[in-house]
Amino acid sequence: IFGVERICISHVSHSDHSAGLPAFLGIRNSSRGDKEKGVSIYYPADDFAMLDYREFIDKRYKNWLTFPISWNPIMPGHKIPLDFNHHIESFKLHHTKKSTTLGYKIVESRSRLKSEFRGQDIPALIKSGVSKDLLNEPYDAITLAYCLDAYRLDIADIANAELAIMDCSFLKEGEREDLTHFELKEAIAVAKEAKVKHFIGAHVSSRYYAQDIVDAQKALNENFGS
């Protein structure tokens, strides 16, 4: 816990995604390690429920916390640097009605051989004087996409993700009361269209029993492998 430097919150107004924040900060403050390393908290800029949390934390921990907190209201498209070739990028999820819900993806900057050189003798090209910069092109790869809570998202935001954590609140069709969460079948369809390689279903409703989970896992294995 003491190593955590960034916290990315999808939406604040629903307590199952935000209420643990004060406790987490308190635990981190009591843990071993570098107790002066700051924590940056990112959250939707138009979700004003965070104001209550900030007020509580500022009052409760004012004279106790040993590390600074950086509050960062953001919107879709914001990039958070991690290291020289990784960053976190926020994107829009459709879930809450009165404020923005954010998804987050970890993006890695990579390079690959340009299509026009594929199948050619690359060592020979290099030996002839063709530079590696000319042979290769940069591209961004999504290593992880966090997509909950949601009932809809832009396919392009998770395209070709190596791993997507998807909202699967409703494992069975027809049990959703309103448009706030994915059904399992919908989430699978979205991930397949986006050509996601690996899939983790999350945020499953407590109405389901163990056999329902087993059946859902079978469906995932059929579409994404074990």
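Student: Which residues in H1 meet which residues in H2?

Tutor: This is a predicted model, in which local features need pLDDT of at least 70 and side-chain atom pairs count only at pLDDT 80 or more, while totals for chains, interfaces and linings use all residues. Residues are numbered from 1 along each chain as its sequence is written, and side-chain values use heavy atoms, with hydrogens and water left out.

Leu 21, Pro 22 and Leu 25 in H1 meet Met 50, Tyr 53, Phe 56 and Ile 57 in H2, where contact means heavy atoms within 4.5 Å, and helices (H or I, at least four residues) are DSSP runs numbered from the N terminus. The residues of this contact divide into seven nonpolar, no polar and no charged, with Ala, Val, Leu, Ile, Met, Phe, Trp, Tyr, Cys and Pro counted as nonpolar, Asp, Glu, Lys and Arg as charged, and the others, Gly among them, as polar. As for geometry, H1 (residues 21-30) and H2 (residues 50-60) pack at an angle of about 35°, and their axes are 10 Å apart; the axes are lines fitted to C-alpha atoms over the stretch in contact, and angles run from 0 to 180 degrees between N-to-C directions. The crossing of H1 with H2 is right-handed, a term used if the near helix is turned clockwise from the far one by less than a right angle, and left-handed if anticlockwise.

Elsewhere, the charged end of Arg 28 sits over the ring of Phe 67, 4.5 Å from its centre (CZ of Arg, or NZ of Lys, must be within 6 Å of the ring centre and within 35 degrees of the ring normal), and Arg 112 lies over the face of Tyr 139, at 4.1 Å from the ring centre.

How values were computed:
Helices (H or I, at least four residues) and strands (E, at least two) are DSSP runs, numbered from the N terminus.
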